[in-house]
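Welcome! Please take a moment to look over the sequence and the 3D view before reading on.

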Amino acid sequence: MIIGTVIQQPTENLDYDIDYASLVTTPEDTLSTVVASVTPAGLTVSGLVANTTTGKLWATGGVNGVEYTVTIVTTTTQGRIKEDEIIILVEETA
C-alpha cells in the first residue's frame, strides 16, 4: 500500500515516521524489525528504527527529477508483517 508521496531535494537528509499502531494489536506486541529497499538505485535510506508502534527511516541523495519507491517491510514480535511504500520524488528547487 502506498502510504504517501513526498518531495525532497538531493542534498536533504530527512526522516519519515510511519505509524503502525493499528498493526500492534496487543500490549505484548511491539515492532521488531523495519527493513527498506529502494527502486531505482540512487536514493540512500538508512537509520531504520522501530519502537513500540512507530517506524522511522532516513532518506538522502537521489537524482533530480527521479521518483523513487521505498518499500518498507515491518515485522512485529508476534509475527505480524506489513508492507508499505513511500514515493520520494527528488526535485531541486530554486
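The report below moves from the whole chain to its strands, its core and a few single residues.

## About the model

This is a predicted model, in which local features need pLDDT of at least 70 and side-chain atom pairs count only at pLDDT 80 or more, while totals for chains, interfaces and linings use all residues. Residues are numbered from 1 along each chain as its sequence is written, and side-chain values use heavy atoms, with hydrogens and water left out.

## The chain as a whole

The chain has 0 helices and 7 strands. Helices (H or I, at least four residues) and strands (E, at least two) are DSSP runs, numbered from the N terminus. Along its principal axes, the C-alpha trace spans about 50 × 20 × 15 Å.

Of the 94 residues, 31% count as buried; buried means under 20% relative accessible area, exposed over 50%, and partly exposed in between, with a 1.4 Å probe and protein chains only. The accessible surface comes to about 5100 Å², and 54% of this belongs to carbon and sulfur atoms. Such areas come from the Shrake-Rupley method with a 1.4 Å probe, and for residues only the protein chains shown count as cover. Among contacts (heavy atoms within 4.5 Å) between residues at least 6 apart in sequence, 65% join residues at least 24 apart.

## Strands side by side

Follow the order E1-E7-E6-E3 and you will trace an open sheet of 4 strands with mixed pairing. Two strands pair if DSSP finds at least two bridges between them. At the edges are strand E1 (2-8) and E3, each pairing on one side only. Within this sheet, E1 and E7 run parallel and are joined by 6 bridges; Ile7, for example, has Leu89 in E7 as its bridge partner.

Elsewhere, E4 and E5 form a hairpin with 3 residues between them. These two strands run antiparallel, and 6 bridges join them. Thr44 has its bridge partner, Thr60, in E5.

## The nonpolar core

Which residues touch the most other members of the largest nonpolar core? They are Leu43, Leu57, Ile72 and Ile88, out of 16 residues in that core. A nonpolar core is a set of buried Ala, Val, Leu, Ile, Met, Phe, Trp, Tyr and Cys residues joined through side-chain atoms within 4.5 Å. In soluble globular proteins, nonpolar side chains tend to be buried together.

Thr76 has its place in strand E6 (residues 67-76). Is Thr76 buried or exposed? With a relative accessible area of 3%, Thr76 is buried. Leaving aside neighbours within four places in sequence, Thr76 is in contact with Leu23, Val24, Asp29, Thr30, Leu31 and Ser32. Gly61 is 15 residues from Thr76 along the chain, and their C-alpha atoms are separated by 29 Å.

Gln9 sits in the loop between E1 and E2. This residue counts as buried because its relative accessibility is 19%. Not counting residues up to four places away in sequence, Gln9 touches Val90, Glu91, Glu92 and Thr93.

Finally, look at Pro40, in the loop between strand E3 (31-39) and strand E4 (43-50). A cis peptide bond joins Thr39 and Pro40, with omega at about -10°.
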